[in-house]
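Hello,

Here is the structure I promised to pass on to you. Have a look at it first, and my notes follow below.

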Amino acid sequence: MAKKLMKGCEAIGEAAIHAGCRLFFGYPITPQNEIPEYMSGRLPQVGGVFVQAESEVAASNMLYGASGAGCRCITSSSSPGISLMMEGVSYMAGSELPVVIVNIMRGGPGLGGILPSQSDYFQATKGGGHGDYRVLVLAPSTVQEAADLTMEAFDLADKYRNPVIILGDGLIGQMMEPVEFSRNVDPSALPDKPWATTGCKGRQRNIINSLYLKPEELEEHNWHLAAKYREMAKEARHATYNADGEMDVLVVAYGTVARITRTAIDSLKEKGIKAGLFRPVTLYPYPTEALVEAALRARHVLVTELSTGQMVEDVRAALAGRRPVEFYGRVGGMVMAAEELAEQIEKLAHATTV
Amino acid sequence: MYNEIILAGFGGQGVLLIGKLLTYAGMNAGLEVTWMPAYGPEMRGGTCNCTVVMSDRQVGSPISSKPHAIIVLNLQSIDKFEPLVRPGGIMVMNTSLINRSAVRHDITVVPVACNQIAVEAGSAKAANMVALGAYIGASGLVDLALVKNTLAEKFAARPKLIGINHACLDKGFEIGAGARAGATARSC
């Protein structure tokens, strides 16, 4: 298939269809309306169903039902809408239901604004809803990667029977880049889900549930989930740029900010400053080991985010004091310019290591 | 080669469309490309802009604070973006709607009466194509034929419009190529 120029949002929608997903439930919110718009047009063409729910709460519970019945399904929203879905996400995590949730983040808290942000890192990676659970979190940096990770998200969700979040910022949702789709999954050819509630004629009934009133049973369930989350650690993934050998500064960034970092790094080459980029592709599980390996080859570590400092906590925890970790963030929908970031990196490169 | 271009004008002037055409043409020419629209509250104030990045290597930042070129179709846009252009860069300005001269002397300025030329070619709506043609002529970045082919594909459902738009691209291209030749002569 030839490359097509698509918006990140549209590419995510098309990728879901290519992954064999035929069900979308959601409620509109900027800056991700191109996903439901695209799905409302495309899904009926491929025998799928698009439902604009009465609210995000309803949409997430529709996902619960569809996933419980064994179907691949997806929703998309942006920060405030994702908060509304969190009750359902917790229930789906508790009931071990595979779903894909797209969050094209905007500034917060509250209604915030409609411009790009990475303010929901904590919410996505540390649980988000109530209860002791985790979801896989994938952070695309290009439109092609948004498409690839969306397709993979469905496989990971099924593999672990767990919700997967695609965490993008407003820039990745709105920008257009060439994209191609490597495979096209036939929904009827997907592996059976023997746990799904598909009608129990001739077999024991399946129950999709997150209620365990006996503490012994709930504890066992909690440890079962914890073991599964530990197992997920092998899915950790990252990318690097210019990060081989010794470095003055290692910059850690994800999503669109990682691209801005790349431009900043290039501009510093002529000044003789060796800066590298470490970009987590999975935010949960976090690529801790690879990060430590790269960071120990740098004199300084700089974390940059469109937040007041969220992922930086995971970087500090991973490095456990072995390197000083500085932070540079822009918030509220403001996005750092490459020149601005280059200045921060340069300042750090010239600072002495204590 | 790494080129960041900001295209700006009123909502309705078609700056997003010519940005997309340029991006498609870049993609068809084998370049790495990104098109990023401004989608925030600024677009609700009547101005509208997008950033196109074309490069022979992977595109980094999809937004630009120091563009190599700007295409500005109205006064608000030139006021906002003229100070940002990199020295040695290009500014295509629509003199039909901008009643002042360029301030910068360290860039190649391409003044084009986009609206008048478009009206003469048969449709005031094609003023954006005149501007795009001028930029292609002035930059030499992509082949005009590629842009025309892409436009013909995109407008396949409305074949009547293709001729007018092609004519506008040609007129703009001539002016842009002239400005480029002039700039080269001056720098020799």
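Which residue stands opposite A:Val249 in E11(A)? It is A:Ala275, and I will come back to that pair below.

A word on the source first: this is a predicted model, in which local features need pLDDT of at least 70 and side-chain atom pairs count only at pLDDT 80 or more, while totals for chains, interfaces and linings use all residues. Residues are numbered from 1 along each chain as its sequence is written, and chains are lettered from A and ligands numbered from 1 in the order in which they are written.

Let's begin with chain A as a whole. It has 12 helices and 14 strands (DSSP runs numbered from the N terminus, H or I of at least four residues for helices and E of at least two for strands). Its C-alpha atoms fill a box of roughly 70 × 50 × 35 Å along the principal axes.

Now back to the strands. Strand E10 (residues 247-252) of chain A has six of its six residues buried, so the rest of the structure largely encloses it. E10(A) runs parallel to strand E13 (residues 298-305) of chain A, joined by five bridges (strands pair if DSSP finds at least two bridges between them). There, A:Val251 has A:Leu302 as its bridge partner. With strand E11 (residues 275-280) of chain A, E10(A) pairs in the parallel sense over four bridges, and this is where A:Val249 stands opposite A:Ala275. Between E10(A) and E11(A) the chain passes through H9(A), in a right-handed β-α-β crossover (clockwise from the first strand over the helix to the second, with the strands pointing away from the viewer).

The two chains also meet. Chain A gives 22 residues to the contact and chain B gives 16 residues (residues are in contact if their C-beta atoms, placed from the backbone, lie within 7 Å). On the side of chain A that touches chain B, the largest share, six residues, comes from H9(A).

Finally, in helix H5 (residues 144-154) of chain B, the residues B:Leu144, B:Val147, B:Lys148, B:Thr150 and B:Leu151 are buried. The face of H5(B) turned away from its buried side carries the exposed residues B:Ala145 and B:Glu153.

Best wishes

Terms used
Two residues are in contact if their C-beta atoms, placed from the backbone, lie within 7 Å. A residue is buried if 20 or more other C-beta atoms lie within 10 Å of its own, exposed if 12 or fewer, and partly exposed in between; C-beta atoms are placed from the backbone.
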